[in-house]
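Subject: Structure for your files

Hello,

Here is the structure we talked about.

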Amino acid sequence: MNFLHNIGLYIIMLQKMLHKPTKWKVMKELILKDTEDTVVNSLGIISFVSFFIGGVITIQLALSTTGSFYPDYLVGYATRETIILEFAPTIISIIMAGKVGSFITSSIGSMRVTEQIDALEVMGINSINYLVFPKVIALLLYPFLISIAMFLGILGGMIACVYGGYSTMSAFIEGIQTDFIPFHMTYAFIKSFVFAFILATVPSFHGYYMKGGALEVGKASTKSFIWTSVSIVVFNFLITQMLLG
Amino acid sequence: MISIKNLKKSFNNKPVLKGISCEFEKGKTSLIIGQTGSGKTVFLKCLLGLHKHDEGKIIFDDKDVQSMNENQKMELKSSIGTVFQGSALFDSMNIEENVMFPLKMFNDLPFDEMLDRVNLVLKRVELENSNKKMPSEASGGMQKRVAIARAIVNNPNYLFCDEPNSGLDPKTAIVIDNLIKEITEERNITTIINSHDMNSVMEIGEKIIFLKNGVLEWEGSKKNIFKTENQAVTDFVYSSNLYKKVKQMYLKK
């Protein structure tokens with residue numbers, strides 16, 4: 001029952017987000033600030049994680065495909081498919097649910113606790129539009145982060161493969177180019193857009209509607225991470241079934 | 001002027017406000033007092049539109065809030081200044097940006113003009129030269145002054161203050177009280193203060209409303225409060241020995 005109530009409340013929040021828009025001059029500043037907080041400040045961690053996980057994926061693939069039965073290019077091919085189809089869009093989004101999601105929930109939750117949201121409301125400002133809408137727009141740049149994750153993941157894989165002595169550079173590059181299906185990129189970016197929307201709205205919902213004090217802000221952040229991750233996993237399944245199934 | 005007629009509000013079928021009727025005059029500082037749980041905050045939040053009341057009328061200068069459309073409500077809200085208990089300053093903005101915020105949201109003034117108005121109100125609350133400080137760098141008293149500056153920068157017709165001197169030392173609390181009273185008189189606005197503080201009652205209470213269990217138990221001025229026979233009011237106001245002695249001295253006079 002509580003679950004259905006929250007789904008209803010979430011839909012109402014999305015509707016309210018589009019009502020009574022904040023002045024464009026102010027909104028522009030908010031979008032730029034949220035772009036910095038959510039996208040630009042995530043570049044470091046995403047680059048680091050993608051590069052090393054790409055390397056680990058390649059080493060594990062190389063170790064489990066040894067022997068003359070497997071072609072040399074297989075490691076490059078499998079690395080590309082794993083990173084483009086699943087690692088970059090989905091696993092990075094779950095990492096972002098922890099980083100950006102917690103940030104959004106705790107910042108909006110703190111505003112709730114310290115009556116800053118009430119202050120916006122009594123001034124006649126649509127606080128949901130003011131707080132949530134710029135985050136949704138800022139995270140439209142999220143596929144750009146995913147592209148970087150894809151590139152660095154494959155680069156990390158290539159370096160680990162070549163310098164670890166598992167395969168040659170030419171075989172790895174041949175693998176990357178073998179049987180490339182451009183629609184897989186479209187599929188990955190469609191997923192990224194959906195996950196970006198989830199990353200902006202689900203944590204905002206948990207922050208905006210939280211009740212209590214500082215301790216509850218922490219609890220709301222944890223809850224927000226769980227529900228954002230669950231939503232990403234469920235939508236990952238649905239989109240994959242719809243587009244590739 | 002603000003008129004309240006038979007205001008009722010319940011939460012989960014539990015009545016919190018049980019039909020309150022009163023009036024708040026223009027140019028005067030009115031105080032709402034009462035014990036914790038008496039319904040003061042809910043009453044103030046109903047006036048501010050943060051809680052929707054169940055029954056009754058809230059009339060701002062002959063305009064009933066319930067019969068207003070969205071645009072009229074927006075217009076009304078932009079004419080209200082609010083000082084919250086915890087100041088509610090925006091953490092991510094410095095003092096200047098906090099005070100400028102209502103101007104940015106509701107006006108299309110050039111930046112220099114907005115800055116002039118900000119500096120004027122900051123001077124009025126004696127905070128010149130603090131423009132670039134962040135709220136976290138300001139003391140409790142300074143934060144309250146910034147909140148007052150933000151509340152009056154847009155020249156409001158109504159000023160609502162929720163326990164404006166809670167958490168402040170007695171000297172700073174009196175400074176804040178007097179500042180609110182002076183601003184109310186200078187700008188001829190309707191000011192309503194929600195307070196626990198007996199010093200505020202004695203210092204600036206031109207009109208006092210005492211709430212008990214969601215009912216308006218007593219109303220009068222700071223002079224009447226010494227003479228009242230109402231047991232609930234005397235129990236609340238004269239709960240400390242100091243005020244018992246003050247009352248005795250006043251009555252002897």
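**Helix contact in chain A**

Helix α3(A) (residues 43–64) packs on α4(A) at an angle of about 140°, and their axes lie 10 Å apart. The two helices are therefore oblique to each other (angles under 35 degrees count as roughly parallel, over 145 as roughly antiparallel, 65 to 115 as roughly perpendicular and the rest as oblique). Their crossing is right-handed. Residues of the contact (heavy atoms within 4.5 Å) include A:Ile53 and A:Ile57 of α3(A), and A:Ile83 and A:Phe87 of α4(A). By class, the contact has 14 nonpolar residues, five polar and one charged.

This is a predicted model, in which local features need pLDDT of at least 70 and side-chain atom pairs count only at pLDDT 80 or more, while totals for chains, interfaces and linings use all residues. Residues are numbered from 1 along each chain as its sequence is written, chains are lettered from A and ligands numbered from 1 in the order in which they are written, and side-chain values use heavy atoms, without hydrogens and water.

**Second largest pocket**

The volume of this pocket is about 660 Å³. Its lining (residues with an atom within 4 Å of a grid point) has 23 residues, and A:Leu30, A:Lys33, A:Tyr130, B:Ser92 and B:Met93 lie nearest the pocket's centre. At least two lining residues each come from α2, α4 and α6 of chain A and from α3 of chain B. The largest share, six residues, belongs to α2(A). The lining divides into 11 nonpolar, four polar and eight charged residues.

Regards

Technical notes. On a 1 Å grid over the protein atoms alone, a cavity is a set of points where a 1.4 Å probe fits but cannot get out, and a pocket is an open set with protein on both sides within 12 Å along at least five of seven lines; lining residues have an atom within 4 Å of a point. Grid points are joined across faces, edges and corners, and a volume is the space filled by probe spheres set on the points. Helices (H or I, at least four residues) and strands (E, at least two) are DSSP runs, numbered from the N terminus. Ala, Val, Leu, Ile, Met, Phe, Trp, Tyr, Cys and Pro count as nonpolar, Asp, Glu, Lys and Arg as charged, and the others, Gly among them, as polar. Axes are lines fitted to C-alpha atoms, for helices over the stretch in contact, and angles run from 0 to 180 degrees between N-to-C directions. A crossing is left-handed if the near helix is turned anticlockwise from the far one by less than a right angle, and right-handed if clockwise.
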